[in-house]
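Here is a short briefing to read with the model open beside you.

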Amino acid sequence: MIELYLSQFEAAVKQGGAGSVMCSYNRLNGPHACENTWLLQQILRHRWGFRGFVLADYGASKHIGSGLLSGLDFEPFPFFDSDGGENYTPAAVQAALAAGRTRQALVDRAVGNLLRTLFAYGFFDRAAYADDDSRVDRTGHAQEARRLGEAGTVLLKNNDALPLDPGRLKSLAVIGADGDAYKNGGGSSDVEPYSLVTPREGIAARAGAGVDVRYDPGDDPRRAADVARGAEAAVVVVADTAGEGANKSCLALDCGAGAGLKRDELVERVAAANPHTIVVLETAGPVLTPWRDRVEAIVEAWYPGSAGGTAIARVLFGDVDPGGRLPATFPRRERELPTAGNRRRYPGVGDVVHYTEGVLVGYRWYDRRRIKPAFPFGHGLSYTRFAFRDLRVRPARRGVGARVSIEVVNTGRRTGVAVPQLYLGLPGARGRIQPPRQLRGFESVTLRPGRGARVRFELDARAFSYWNIRRDRWLAPAGCYPVSLGHSSRDIAARATIAMRGARCPGAAAAVPR
């Protein structure tokens, strides 16, 4: 919990200067998150030094007394049915005070946290924002949405099928109703855009009048295969259905989607009919790809937003290099998941989920168990080639730490995006399980053909540390720390070793002082 699940929140508070933190619906080791003293007081305020205010998620407040005591300051939805709990309405708070279930000092503390934060962040120093969406720079936002979509798109596979060349291409089939729709995760992500370009529209516009773009929704896979068979290439757009408030029952594309398209069958039939089949995924996370060896290219666009169609088309036709890399592992089979076959891990037993996999979450599990994934964490291809050269490791200028750098060179013929990733392994010990490597840094670098750049990473003492439960603090043990620099967690281009606290490590590139 300390090393993996809380670390990003800690960074948001300490490095990002977050002014508010929201507590969630679920229980954490017993108490609900919004009345969890260990979480909201001991961790958030005392250990991290947070001075903002804590607010409840929509309806996550349970009890006024325990909420105020634990550190819940503000409920933004006081008239929403709180799942059987108590809301922070004026009448309810007054009743809790009168009944002795809370104290005025706790109410004052919550109000003080809220007001201090509002003053600190300039809330009272400016006029209120006008509720007038005509002031929104819609053109500028659409351009930014397109740029973000391009930067996040991941090229998973490419057998020289991409980029498409509209100058040579005469016909193109676009298959799948998902390619003619706007995908989002519902709930708080259910945003109605000012403008929308679907993948079908974006591809047709980019292909131009000289390319015969044919479309089939894919509800009849046989018919879709016939449409694809007559085209020079086929793009199949398939999406999953996911959202807040519920989990998918499996990783197949159709899990949670209800009746309708049979997406895996659709891909299989189109690929059998057209040897130049390209699959575009619009998914909320990893999915199974049982047909991956029978298609020529796979692009993961995620839920790409209002300009997603334009972004996808620009990647497919090579106007931009796909800039994304996988933030999660795509497994070959569902039984290889860390939670597979263990109901205590997922979906839980008696409304309790046990995180018995420990720190072996995501790619750490696959690397530790030496399980080959379909597409590893950090993976993503480019339309050009990159060489990683001259790995250098030096001690930090002061204190415990190290400086790592690598030369990145574009050895191909196109401008492209390289994402060098730095992984560090921690020495194991009896009773302390560690994965072979953990991501400690990455950078995105755009380079023209033949150009290079030296990319630098700074490793502080925290990067070398694990959380010692008995001592209740971070510790950096003595030993040999393997350094890996690569294109993904499995595609490692350069290695080195760092010796920590007097350890003798053969070929160590640097020694970190005691």
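A crossing is called left-handed if the near helix is turned anticlockwise from the far one by less than a right angle, and right-handed if clockwise. By that rule, helices α6 and α10 cross in a right-handed way. Please keep in mind that this is a predicted model, where local features need pLDDT of at least 70 and side-chain atom pairs count only at pLDDT 80 or more, while totals for chains, interfaces and linings use all residues. Residues are numbered from 1 along each chain as its sequence is written, and side-chain values use heavy atoms, with hydrogens and water left out.

**Helix packing around α10**

- Helix α6 (residues 138-152) packs on helix α10 (residues 308-316) at an angle of about 45 degrees, with the axes 8 Å apart; axes are lines fitted to C-alpha atoms over the stretch in contact, and angles run from 0 to 180 degrees between N-to-C directions.
- The pair α6 and α10 is therefore oblique (angles under 35 degrees count as roughly parallel, over 145 as roughly antiparallel, 65 to 115 as roughly perpendicular and the rest as oblique).
- Arg 146, Gly 149 and Glu 150 of α6 make the contact (heavy atoms within 4.5 Å) with Thr 310, Ala 311, Arg 314 and Val 315 of α10.
- Helix α7 (residues 199-207) also packs with α10 at about 45 degrees, with axes 7 Å apart, and this crossing is right-handed.
- From α7, Pro 199, Gly 202, Ile 203 and Arg 206 meet Gly 309, Thr 310, Ile 312, Ala 313 and Leu 316 of α10.

**Nonpolar cores**

- The largest nonpolar core has 28 residues, of which Val 408, Leu 459, Phe 464 and Tyr 481 touch the most other members; such a core is a set of buried Ala, Val, Leu, Ile, Met, Phe, Trp, Tyr and Cys residues joined through side-chain atoms within 4.5 Å.
- Another core lies apart from it, with 27 residues that include Val 13, Leu 40, Trp 48 and Ala 56.
- Beyond its neighbours within four places in sequence, Phe 464 has contacts that include Leu 424, Leu 459, Tyr 481 and Ile 498.

**Backbone details**

- A cis peptide bond links Leu 162 to Pro 163, with omega about 0 degrees, and Pro 163 sits in the loop between β3 (154-158) and β4 (171-175).
- Asp 160 is in the loop between β3 and β4 too, and has a positive phi near 60 degrees without being a glycine.
- With 69% relative accessibility, Asn 29 counts as exposed (buried is under 20% relative accessible area, exposed over 50%, partly exposed in between, with a 1.4 Å probe and protein chains only).

Methods: Helices (H or I, at least four residues) and strands (E, at least two) are DSSP runs, numbered from the N terminus.
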